[in-house]
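Thanks for coming. I'll go through a few contacts between side chains, and then a metal site. Please look at the screen.

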Amino acid sequence: MNTPQNDHYIFVNEPLPYPFDAMEPFIDIKTMELHHDRHLQAYTDNLNAALKGYPTLQKASLEQLIRMAGRLPKPLGTQIGHNAGGVYNHRFFFAELKNPGGGQPSGELMTAITSAFGGFTDFVGELEAAALSVFGSGYAWLVSDGNGRLRIITTANQDTPLTKRLHPILNVDVWEHAYYLKHYNKRADYFDDWLSVIDWEKAELAYSHIGKFR
Ligand code: MN
């Protein structure tokens, strides 16, 4: 999901591959701008700041940092875990948005969704229930285990599926900063709008990459 040249210290908050108004009317321009230029920027800056005095850790990739954060001494490990997770989760979220988007996936991913959840409508219902169940801040995810089986999970704050040995396919950011300006406290309305801007081709690509390691 990340370009190799921006997968190590010094991390750069690359511009989005689309304008801030690209997801209108589903996700508003101001939310997209603040979400990328303030929130993701802050995670990026704070990750760089945490790594500043640690040349060995600076050689680690973003995913390696996330996996090792829990074993590092505190508060360093906590700072790296929160901020590397924030960078990873946001990059993942922004990368799988497209307008016009939505609809349904096809190919292997659709087959796997049908097999795991009974059908696409049932899958969407389960994902929405998961998204609404997040208390406070976090994400709902479609993930695959090492055998290619799909599951829906939630993560709190900036935790990632990577530390649970799960492979992300799709995520929806349900922090209030992701929707409050347009949808106020109506997370379900935001979820319904987000369904219209999912880039299923990117999700299919994420799923097919996991397949290589099966
Ligand atoms: Mn966010």
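Let's start with Asp 145. Its relative accessibility is 14%, and the limit for buried is under 20%, so Asp 145 counts as buried. Keep in mind that this is a predicted model.

What does Asp 145 meet in a salt bridge? Its partner is Arg 149, with N to O at 3.4 Å. Side chains of opposite charge can pair when their charged atoms come close.

Another links Arg 67 to Glu 63, at 3.2 Å from N to O. Both residues sit in helix H3, residues 62–68, and because they are four residues apart, about one helical turn separates them. Arg 67 is partly exposed, with a relative accessible area of 42%, and Glu 63 is partly exposed too, at 30%.

Now the metal. Which residues coordinate the manganese ion? They are His 35, His 90 and His 177, each through NE2, and Asp 173 through OD, at 2.0 to 2.1 Å. Along the chain, the donors have the spacing H-x54-H-x82-D-x3-H. His 90 is in helix H4, and His 177 is in the loop between strand S3 and helix H7, so this pair ties together parts 87 residues apart in sequence. His 90 is buried, at 0% relative accessibility. His 177 is buried as well, with a relative accessible area of 19%.

That's it from me.

Notes
Residues are numbered from 1 along each chain as its sequence is written. This is a predicted model: local features need pLDDT of at least 70, side-chain atom pairs count only at pLDDT 80 or more; totals for chains, interfaces and linings use all residues. Side-chain values use heavy atoms; hydrogens and water are left out. Donors are N, O and S atoms within 2.8 Å of the metal (3.2 Å for Na, K and Ca); water is not among the atoms, so sites may look incomplete. Helices (H or I, at least four residues) and strands (E, at least two) are DSSP runs, numbered from the N terminus. Buried means under 20% relative accessible area, exposed over 50%, partly exposed in between (1.4 Å probe, protein chains only). A salt bridge is a side-chain nitrogen of Lys or Arg within 4 Å of a carboxyl oxygen of Asp or Glu.
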